[in-house]
Amino acid sequence: MNLTEEQKRQYHRDGLLVLPELFSEREVAILRGEIERLCSVDADCIFREGADGAAKAMFRMHEPDGPTYSAPVRAASRQARTLGIAQQLFSDNELYMHHCKINMKPAVEGTVWNWHQDFGSWHLDGVARPEMTTMMVMLDEATEMGGCLYMLPGSHKGGWIEPYRDETTVYKTWATPADKVIEMMAKSPAPVALTGKPGTAAIFDCNILHGSGHNLSGNDRWQAYFCYNRCSNRPADVENPRPDWVRSQNWQPMDLVAEGAILAADAVPA
Ligand code: SIN
Ligand code: MN
């Protein structure tokens, strides 16, 4: 799938490009089935919240050597429509996955992700340049009541903003200080709500400001995130690096796989 010049221009201007119907219903059903299967796994890279300990987030479904491996998720992250688009945006075929995650945001109980830049924490991981991008894929319908993502268009152009450690959330993150977010909002177009049908995707710059609210709806909000970095931009050594499932040490370039690879992977028993 080739991006048009207009799509590339839009991505660089807004830091964001929405790609409706990127995945078929069948593919979404396969990916959802995989996540359901992995929910019962006990692993450090699965975070839980709520009274019944429902999974909130899981990581590292793309590497065959771990407890959360899923061949269909790996295939989804290596498509021409996911990895290939990131390659086009960087004019670089040598990309690896910094991390791969599913955010589940369970119905009624799923909580907030405060405003942040992904590069806020990835820079602290030792990555020098903001040459990273994320493909998000909706595995449920994303609605405003259901806690969809909001993006502040053009905010990536302000560069890296020193984050603070946000201890208020279940999965501790690095967030952007409120005064900086308000300052950026005053000079940006209105935030964009990333709503859409399952299978809709969006690719966004690692410095764009984004966040999402509580899921007040009666439906889960599952979304997959494939975070790509250029192999030439792999992290430098840092003291106390985060675990491999969030700061990958597999810096080999990823290969593209065939269009039908998600369906084919589903046919092979896990
Ligand atoms: C993120 O930005 O890392 C997660 C936000 C979300 O899934 O709502
Ligand atoms: Mn983020």
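Guide: A polar contact is a pair of N or O atoms within 3.5 Å. The model discussed here is predicted.

Visitor: How far is an oxygen atom of ligand 1 from an N or O atom in the side chain of lysine 101?

Guide: Lys101 is among the residues around ligand 1, along with Asn103, Trp113, His116 and others. A polar contact needs N or O atoms within 3.5 Å. Between an oxygen of ligand 1 and an N or O atom in the side chain of lysine 101, the distance is 2.6 Å.

Visitor: Which ring does lysine 101 lie over?

Guide: Lys101 and Tyr225 are both listed around ligand 1. Lysine 101 lies over a ring face, 5.2 Å from the ring centre, and the ring belongs to tyrosine 225.

Visitor: How much of the area that ligand 1 exposes when taken alone does the protein bury?

Guide: Ligand 1 has an oxygen 3.0 Å from an N or O atom in the side chain of histidine 210, and an oxygen 2.6 Å from one in the side chain of serine 212. Taken alone, ligand 1 exposes 260 Å², and the share buried by the protein is 97%.

Visitor: Why is the pair of phenylalanine 47 and phenylalanine 59 given its class, and what is that class?

Guide: A pair of aromatic rings is described by the distance of the centres and the angle of the planes. Centres must lie within 6.5 Å, and planes over 60 degrees apart count as edge-to-face. The centres of phenylalanine 47 and phenylalanine 59 are 6.3 Å apart and their planes meet at 70°, so the class is edge-to-face.

Visitor: How many residues apart in sequence are the parts that phenylalanine 47 and phenylalanine 59 tie together?

Guide: Phenylalanine 47 lies in strand S2, residues 46-49. Phenylalanine 59 lies in strand S3, residues 54-59, so the pair ties together parts whose separation in sequence is twelve residues.

Visitor: Is phenylalanine 59 buried or exposed?

Guide: Buried means under 20% relative accessible area. Phenylalanine 59 has 0% relative accessibility, so the residue counts as buried.

Visitor: Which residues do ring pairs link into a cluster?

Guide: Phenylalanine 47 also pairs edge-to-face with tryptophan 245, at 5.8 Å centre to centre and 65° between the planes. Those two residues are 198 residues apart, with tryptophan 245 in the loop between strand S13 and helix H7. Both phenylalanine 47 and tryptophan 245 are buried. The cluster linked by ring pairs is made of Phe47, Phe59 and Trp245.

Visitor: In which helix do glutamate 6 and arginine 9 lie?

Guide: Glutamate 6 and arginine 9 form a salt bridge, with the closest N and O atoms 2.9 Å apart. The two residues are three apart, about one turn of the helix, and that helix is H1.

Visitor: Are glutamate 27 and arginine 81 buried or exposed?

Guide: The closest N and O atoms of the salt bridge between glutamate 27 and arginine 81 are 2.7 Å apart. Glutamate 27 is in helix H2 and arginine 81 in the loop between helix H3 and helix H4, 54 residues apart. Both residues are buried.

Visitor: What does arginine 60 count as, buried or exposed?

Guide: Arginine 60 forms a salt bridge with aspartate 244, the closest N and O atoms being 2.8 Å apart. Aspartate 244, at 28% relative accessibility, counts as partly exposed. Buried means under 20% relative accessible area. Arginine 60 is at 14% relative accessibility, so the residue counts as buried.

Key:
Residues are numbered from 1 along each chain as its sequence is written. Chains are lettered from A and ligands numbered from 1 in the order in which they are written. This is a predicted model: local features need pLDDT of at least 70, side-chain atom pairs count only at pLDDT 80 or more; totals for chains, interfaces and linings use all residues. Side-chain values use heavy atoms; hydrogens and water are left out. Rings of Phe, Tyr and Trp (its six-membered ring) pair if their centres lie within 6.5 Å; planes under 30 degrees apart count as stacked, over 60 as edge-to-face and the rest as tilted. Helices (H or I, at least four residues) and strands (E, at least two) are DSSP runs, numbered from the N terminus. Buried means under 20% relative accessible area, exposed over 50%, partly exposed in between (1.4 Å probe, protein chains only). A charge sits over a ring if NZ of Lys or CZ of Arg is within 6 Å of the ring centre and within 35 degrees of the ring normal. A residue is near a molecule or strand if one of its heavy atoms lies within 4 Å of it. A polar contact is a pair of N or O atoms within 3.5 Å; within protein, one must be able to donate a hydrogen and the other to accept it, and residues adjacent in sequence count only if both atoms are side-chain atoms. Accessible areas come from the Shrake-Rupley method with a 1.4 Å probe; for residues, only the protein chains shown count as cover. A salt bridge is a side-chain nitrogen of Lys or Arg within 4 Å of a carboxyl oxygen of Asp or Glu.
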